[in-house]
Amino acid sequence: MPPRGKTLEGGRRKGKTPRGFRALFARILVSDRFGHLTVPLFCILLTLFFSGILLLLLGKNPLVSFYSFLQGSGFAKKASYGNGVGMLSDFFAFLNICAPMLLAALAFIFGYRSGLFNIGIAGQMLLSGFLATIWVGYSDLPGILARPLVLLIGMGVGALLGGCVGFLKYRFNIHEVVSTIMINYIISYVTGFYINSRYVNQISRSSNVCSGASRLTFTKVNIAGYSCSVPLGIGIAVLAALIVQFILKRTVFGFEVRAVGSNRNAALYSGVSVGRQMVLSMMISGLLAGLAGVSYYLGYTNTIIPRELCSMGYDSIATALLGSSSPIGAVFASVLITIFQNGASYMSSTVGVAREIASVITGVLLLFSACGGYFRKRAEDYLKKLEDEEGGEKA
Amino acid sequence: MSLKGTDTRPDESVIVELRHITKRFPGIVANDDVTISVKKGEIYALLGENGAGKSTLMSMLYGMYEPDHGEIYVRGKKMHFRSPAEAAEENIGMVHQHFRLVENFTVGENIVLGVETVKRVGIFPVLSMKGAYDRIRELSKSFGLEVDPEDLISELGVSARQRVEIMKMLYREAEILIFDEPTAILTPQEVEALLKIMEELRRSGKTIILITHKIEEIRKVADRCAILRRGKLIDVLKVQDASTQEMANLMVGRNVVLNAEKPAPHFGETVLEVEKLCVRNEDRVQVVRGVSLKVRAGEIFAVAGVSGNGQTELADAIAGLRKAESGSIRLMGKDISRESIRERNGSGISYIPEDRQKYGLFLDFNLRSNLCLRRYFKAPFSRQGILNEAEAERYARDLVEKYDIRSGQGTETQVRSMSGGNQQKAIVGREIEEHSPLVIFVQPTRGLDMGAIENIHRQILRERERGAAILLISLELDEVMELADTIGVIYNGQLLKTADAGSLTSHEVGRYMMGVSG
Amino acid sequence: MNYIESMITDGLAFGLPLFIMALGGIFSEKSGVTNLAVEGFQGFGAFVGAFLATVLSLKTPLGSQIILYLAIAAAFLGGALYASLHALLCIRFDADQVISGVVINILGVALTTFLTSQINGFLFGNASNKFILDSSFRFSVPLLSNIPILGAVFRNIYPFEILILILGLYFWYLMYKTRFGMHLRASGENPHALDSAGGNVRRTRFLSVMLSGGLSGIGGMCIAYSLLLQYSPSIYLGYGYLAIAAMIFGNWNIVPTFFVCIFFGLARAGGYQLCLFMKLSSRYTDLFMTIPYILTLVLLVFFSKRSHPPRAAGQPYDKGER
């Protein structure tokens, strides 16, 4: 209603900047340079605070619990280790699960930056993992052929699925959240059916394991005397993060992706071909999800449990939002969230809280991240009010 | 609602008094120590430019906001309105500039919304609409306000909607009626009808506060007039004793030239030729129906019309944002109706869209990106798909200087934080800088203050001098009359009349705008 | 013939809970709050209801029928309570409504799974992730149920089916015949109109979202009682999203949505019966289970383009903005 921006024009910081702790805190949140860092940090602190209270209510020591999450992920030394394994083994195991998480988060980010919510990451992961398993994982191709083929299948299947969602959205105006969820369940039932009727291992009730040559994780590698699982995925994931960052920031294509995501009408007005852009960004999102799928199902695990969508599909949304939907932010966010997810078993065994609390913590983190914009806006309003008051006093 | 009033003074004739009102919004002082008093039964005008704080002041009387400092007295009692409902209890009503009507409700439902009567059927309370409808018909008759409670709002035109808004106040037995810029998008005939209604209301003892920036209307109906500028009260005048020039100068704060001089036209070749163009909207309704027009180089062709008669769709179809159903669009002899938006831009169309925040700008992007929207995909702004930020920055700086675009942090400023006038300057600068043979302006001065309006009008005339063909679509008849070389009046998707601007009076144009031909 | 009758009976037993969830979706969206959180609401409601049912059957001598009704009431309250979180995020904290919906769903799964195992550990000393429910009694209407084929409508009815019909009627009345309903619809179409007419947009929306959660919660509880016979994470089968799809086909209107839901129910049960009819092995049911999802996608292809969601849905209300 009033032209709010007016005082922003022409030297907004003419008057003395307000002092005091609250003002300082607000300025940190608002800051253009650090805001995208400090707001998520603030959300993390709030989450730790609230989950700390939850743990206290359960009669556990929050500090010990948080520390055991770190121990479980190889960031801190456990009290004791089994034969041939050590902190380094835990750390590589952590990287092994962190890789698909980061890829899945990047998948969400790419869709999100173009204004689309790809909730179908779990399904895209499952189908590409499934197809790569039955086409390559059960073949006897040598590793030099099998591994690139697995990656290609992952990318191709994911991209096709994603493109399909983008097309449904553009051509028929079907909300992508609804369509991806539907596709998730269809994939889960259909792959479940095939696994149960053809590929099931009667003992584990899960699919037969895929060949070592096709697996994207090198198991039992001896590093510094410890047996470690070295994932190819983490390299791919970090590389993917850098590439996505470059595409979004520095290319015409990335600019148009962001344009469509920021204001679809204005993108149309400025001549961006919105439909093509939507389908393409969903394809890339699906491609990344497919990579996440193969690095999960043919890396972290080497088998597929029928009719189960992995929770990472959703956790990756938390990761993406926590990372302010920036690819580099997602690298740090995926580390943090994987620490909770991966360290949960160890925490559960040492502290004695159900391991599902990791998901609760992730959920709470997501909750606060969703309010990140609000925190920032509150801080902005507060600062403006302070400035006005100071200005008023001077006048 | 606090009714704890303290009687202050016995002056019976004063019905509303605002004392030392100050209202701040984050980053702006909207009202600064404003004191006015309104007498019962008068038409009291608030005159000021856009952004002078008129609407904010009245929003506080209407309970939308609470003042930071100062007091509001109604009938001598001090009030603390915290919501429009509380103000309504003191018989205060307001017609907002942008109507507050629910599209898929009937007229009657809109009128009773918030003051519904409820009867009981068994244990269930049920809305009772019939009595309400009867009362609306009755009121409609006694005030000469033509409304049918059973019509759907979505089927009504602008002036009918306004009558519904007025009826809303009367239904609530409002005694103090606030009108916020009620004439902005009406035809002259409709304006006259509205002013008559206001006089009728005054005769029946209602008090009217009229917010406007049009001095002519004030001269016609108002008794007194308060002038606001940048949130401060400048003066209160008796309308009879003041001259138009005096009011205009007080409003703007300097000497204004009321009518800008327009150089004689030099028409060139035909640039745009539209033939039998038909366009459908999202609901598959044909909203542009066989429009044909020609715009020559150096000519301003203005499309006049009441809002919602297909003018936006016409512009969108020419620019390529909307598909034409049939007909042809030729730009300098070349048929462009099959070209994409970007191809049309390349062929030589610049387009200043009606809704600058929805179409013209990416509010969350910085000024630099927004200024380079027409060029980022071309060399030297990008090569092999990689953006060249340095080049963009250089170009953006040039435009900022050339078009005097003011912003907090230069080209890095998020466009959202800029004022409307500067946002519009950015769009106009960006589009004009393409030196296109055809420039389309849709509602280019909507919501801008007088300084910004003058600036934009100057730019339009300069483009005409350069020899561009200009298609101007405006809902404000004054703007059309001031700028146009040729006027086309659009009604119900058809060009009802096309003629030299000199051969038409604004009253004639107004008649065509309402669909009366001949 | 037997198969068709089972299809009708099972179809209604699934379609009606779906309808009550879709009704929940309608209440929220018509008030202007986009609701993708139906899935989370129904799960949380069912969790609260099932928890109460477990505690009551463990600690009190109440009969299973009374427990059923109490559980449904608890599910309503639980769903409403959980929905207030969505309302808080969307209305108070101006969060993106789609994001908030997704967040609510993710947090719902995590929270209920965690709490279920904690509670089970506490009550039974075994951290199972499910509450087993007593199967609900069912009844048939005499005479009417003897009609061939269509009599199936009146056979083996769950008591909650009647309850849902009554609630459906009541909430239709609430939406279209009361002051609250009028304010609700206005705040979803043009909140400024409601505000300036003296209504309270935020309160109306908040209440509507809570009602939405309550209704969804009932839906979840009914599904737990009929389809699953237990409360477990398998309650998150995406039926909340099916309900949203039904709402979209129904163009946000209660009566058409009702028929869409019944149709979904019949399609799902029909697929299952077809599988039985063709004497396929049980693992083929997995394939037939995809029918409602595929159907949803196909129908969306035809209906989404023409849909008219409430105009203000998805936009936080800022009274300063014009």
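Me: Why is A:Gly154 called buried?

Reply: A residue counts as buried under 20% relative accessible area, as exposed over 50% and as partly exposed in between, with a 1.4 Å probe and protein chains only. A:Gly154 has a relative accessibility of 0%, so the residue is called buried. The model is a predicted one, in which local features need pLDDT of at least 70, side-chain atom pairs count only at pLDDT 80 or more, and totals for chains, interfaces and linings use all residues. Residues are numbered from 1 along each chain as its sequence is written, chains are lettered from A and ligands numbered from 1 in the order in which they are written, and side-chain values use heavy atoms, with hydrogens and water left out.

Me: Where is A:Gly154 found, and which residues does A:Gly154 touch beyond four places in sequence?

Reply: A:Gly154 belongs to helix α6 of chain A; helices are DSSP runs of H or I with at least four residues, strands are runs of E with at least two, and both are numbered from the N terminus. Contact means heavy atoms within 4.5 Å. Leaving out residues up to four places away in sequence, A:Gly154 touches A:Ser128, A:Leu287, A:Gly290, A:Leu291 and A:Val294.

Me: Is B:Gln443 buried or exposed, and how do you know?

Reply: The relative accessible area of B:Gln443 is 7%, and B:Gln443 is therefore buried. Its place is in the loop between β21 (438-442) and α15 (450-466) of chain B. Not counting residues up to four places away in sequence, B:Gln443 touches B:Glu354, B:Ile473, B:Ser474, B:Leu475 and B:Glu476.

Me: What makes the pair B:Arg342 and A:Glu256 a salt bridge?

Reply: The term requires a side-chain nitrogen of Lys or Arg within 4 Å of a carboxyl oxygen of Asp or Glu. The closest N and O atoms of B:Arg342 and A:Glu256 are 3.2 Å apart, and the pair forms a salt bridge. The count between chain A and chain B is one salt bridge. α8 (233-250), α9 (252-262), α10 (264-269) and α15 (372-394) of chain A each supply at least two residues of the side that touches chain B. Of these elements, α9(A) gives the most, with six residues.

Me: How is the interface of chain A and chain B described by area and by contact?

Reply: Buried area is the accessible area, with a 1.4 Å probe, that two parts lose on being put together, summed over both. Chain A and chain B bury about 3,300 Å² between them, with 61% of it on carbon and sulfur atoms. The contact takes 34 residues from chain A and 43 residues from chain B.

Me: What makes A:Arg307 and C:Asp286 a salt bridge?

Reply: Their closest N and O atoms are 3.1 Å apart, and A:Arg307 forms a salt bridge with C:Asp286. The count between chain A and chain C is one salt bridge. α6 (143-172), α7 (176-199), α12 (312-322), α14 and α15 of chain A each supply at least two residues of the side that touches chain C. The largest share of that side, 14 residues, comes from α7(A).

Me: How many residues of the side of chain A that touches chain C are called nonpolar?

Reply: Ala, Val, Leu, Ile, Met, Phe, Trp, Tyr, Cys and Pro count as nonpolar, Asp, Glu, Lys and Arg as charged, and the others, Gly among them, as polar. By these classes, the side of chain A that touches chain C has 32 nonpolar, eight polar and four charged residues.

Me: What area is buried between chain A and chain C?

Reply: The area is about 4,100 Å², of which carbon and sulfur atoms give 77%. In chain A, A:Met182, A:Tyr189 and A:Phe193 lose the most area to chain C, together 16% of what that side buries.
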